[in-house]
Amino acid sequence: AQGQLITNQGILSIELRCVNQRFLAIQFHLPDPWRSVESLLHQTIAEVIQRGKVDVWLHVQHTDSSDPH
C-alpha cells in the first residue's frame with residue numbers, strides 16, 4: 001500500500017509492504033527527523049495488523065520554499 005500527502009511545504013509519501021509471518025514484525029525506514037513518530041506508527045499499525053512482516057518507508061520531499069528541518 002502507498003499514499004501521498006501534498007502540502008505547500010512538500011510531499012510526504014508512505015509505503016507499506018507486508019508478507020505473511022506468524023508474529024507481527026514491523027521494520028521502519030524513516031528519515032532521521034521523523035524517528036520520533038516511530039512508536040506512534042507502530043501502535044497505529046498494530047491496531048490494524050495482528051501478524052506478518054511489515055516494512056514501512058517514509059519519504060519527505062520538501063518544496064524549494066520550505067525549510068528541510
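I will start with the core: the largest nonpolar core has seven residues, namely I26, F28, L30, I45, V54, V56 and L58. A nonpolar core here is a set of buried Ala, Val, Leu, Ile, Met, Phe, Trp, Tyr and Cys residues joined through side-chain atoms within 4.5 Å. Buried means under 20% relative accessible area, exposed means over 50%, and partly exposed is in between, with a 1.4 Å probe and protein chains only. Two or more residues of this core come from each of strand 3 (24-29) and strand 4 (52-62). Strand 4 gives the most, with three residues. In soluble globular proteins, nonpolar side chains tend to be buried together.

Before going on, the ground rules. This is a predicted model, in which local features need pLDDT of at least 70 and side-chain atom pairs count only at pLDDT 80 or more, while totals for chains, interfaces and linings use all residues. Residues are numbered from 1 along each chain as its sequence is written, and side-chain values use heavy atoms, with hydrogens and water left out.

Now the sheet. Helices (H or I, at least four residues) and strands (E, at least two) are DSSP runs, numbered from the N terminus. Two strands pair if DSSP finds at least two bridges between them. Four strands form an open sheet in the order 1-2-4-3, with mixed pairing. Strand 1 and strand 3 stand at the edges with a single partner strand each, so one side of each has no neighbour in the sheet. From one strand to the next, the twist averages 15 degrees.

Take strand 1 (residues 2-7). How many of its six residues are buried? The number is zero, so strand 1 lies largely in the open. Strand 1 runs antiparallel to strand 2 (residues 10-19), and six bridges join them. A hairpin of two residues links these strands, and T7 has G10 as its bridge partner in strand 2.

Helix 1 (residues 38-48) lies across strand 2, strand 3 and strand 4, at about 145 degrees to strand 3. Axes are lines fitted to C-alpha atoms, for helices over the stretch in contact, and angles run from 0 to 180 degrees between N-to-C directions.

Contact means heavy atoms within 4.5 Å. Leaving out residues up to four places away in sequence, V56 touches I14, E15, L16, I26, Q27, F28, H29 and I45. D55 also sits in strand 4. Is D55 buried or exposed? D55 is buried, at 14% relative accessible area. Its bridge partner is Q27, and its side chain makes a polar contact of 3.0 Å with that of K53. A polar contact is a pair of N or O atoms within 3.5 Å; within protein, one must be able to donate a hydrogen and the other to accept it, and residues adjacent in sequence count only if both atoms are side-chain atoms.

Last, the charges. The structure holds four salt bridges, each a side-chain nitrogen of Lys or Arg within 4 Å of a carboxyl oxygen of Asp or Glu. One of them joins R17 and E15 at 2.8 Å; R17 is partly exposed, at 49%. D32 pairs with R35 at 3.8 Å, and E38 meets R35 at 3.6 Å. These shared partners join D32, R35 and E38 into one network. D32 is exposed at 64%, while R35 is partly exposed at 38%.
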